[in-house]
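Reader: I have a structure open and would like to talk through how it is put together. Could you take me through it step by step?

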Amino acid sequence: APVVQVVDEITGEILYTLRIRGFSYQPGVFGEGSYTVHVGEPGTNNMQSLTGLISSSTEEQEKITVTF
């Protein structure tokens, strides 16, 4: 299962890093802002970074698929 890390782009602070169960995950954040989400297996070529993600309410969410 992949690792997901969420980073606040304004402060550079890592909000959390966790290994998810399965292959689907909806990261939550603690406030409005712009975030980077790193997804994959650390230390391998199977790591992707999604930058400039803007927090939104549940009604406005967009599904993003990451494929390795």
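Author: Let me begin with a term: a residue counts as buried when its relative accessible area is under 20%, and as exposed when that area is over 50%. Please also keep in mind that this is a predicted model.

Reader: Fine, so with that cut-off, how many residues of strand 3 are buried?

Author: Six of the seven residues in strand 3 are buried, so that this strand is mostly covered.

Reader: And what is the strand order in the sheet?

Author: The sheet is open and has four strands in the order 2-1-3-4, with antiparallel pairing. Strand 2 and strand 4, the latter spanning residues 47–54, stand at the edges with a single partner strand each, so one side of each has no neighbour in the sheet. From one strand to the next, the twist averages 15°.

Reader: How many bridges join strand 1 to strand 3?

Author: Strand 1, which covers residues 3–8, is joined to strand 3 by six bridges, and the two run antiparallel. Within strand 3, Val-39 is the residue that stands opposite Val-4.

Reader: What lies between strand 3 and strand 4 in the hairpin?

Author: There are six residues between the two strands of that hairpin, and in the turn Gly-43 has a positive phi of about 85°.

Reader: Changing topic to the rings, how many aromatic pairs does the structure hold?

Author: It holds one aromatic pair. The pair is formed by Tyr-16 and Phe-30 in an edge-to-face arrangement, with 6.4 Å centre to centre and 75° between the planes. It links distant parts of the chain, since Tyr-16 belongs to strand 2 (residues 14–19) whereas Phe-30 lies in the loop between strand 2 and strand 3 (34–40), 14 residues apart.

Reader: Is Tyr-16 buried or exposed, and is Phe-30 buried or exposed?

Author: Tyr-16 has a relative accessibility of 16% and therefore counts as buried, because the cut-off is under 20%. Phe-30, by contrast, is exposed, with a relative accessible area of 70%.

Notes
Residues are numbered from 1 along each chain as its sequence is written. This is a predicted model: local features need pLDDT of at least 70, side-chain atom pairs count only at pLDDT 80 or more; totals for chains, interfaces and linings use all residues. Side-chain values use heavy atoms; hydrogens and water are left out. Rings of Phe, Tyr and Trp (its six-membered ring) pair if their centres lie within 6.5 Å; planes under 30 degrees apart count as stacked, over 60 as edge-to-face and the rest as tilted. Buried means under 20% relative accessible area, exposed over 50%, partly exposed in between (1.4 Å probe, protein chains only). Two strands pair if DSSP finds at least two bridges between them. Axes are lines fitted to C-alpha atoms, for helices over the stretch in contact, and angles run from 0 to 180 degrees between N-to-C directions.
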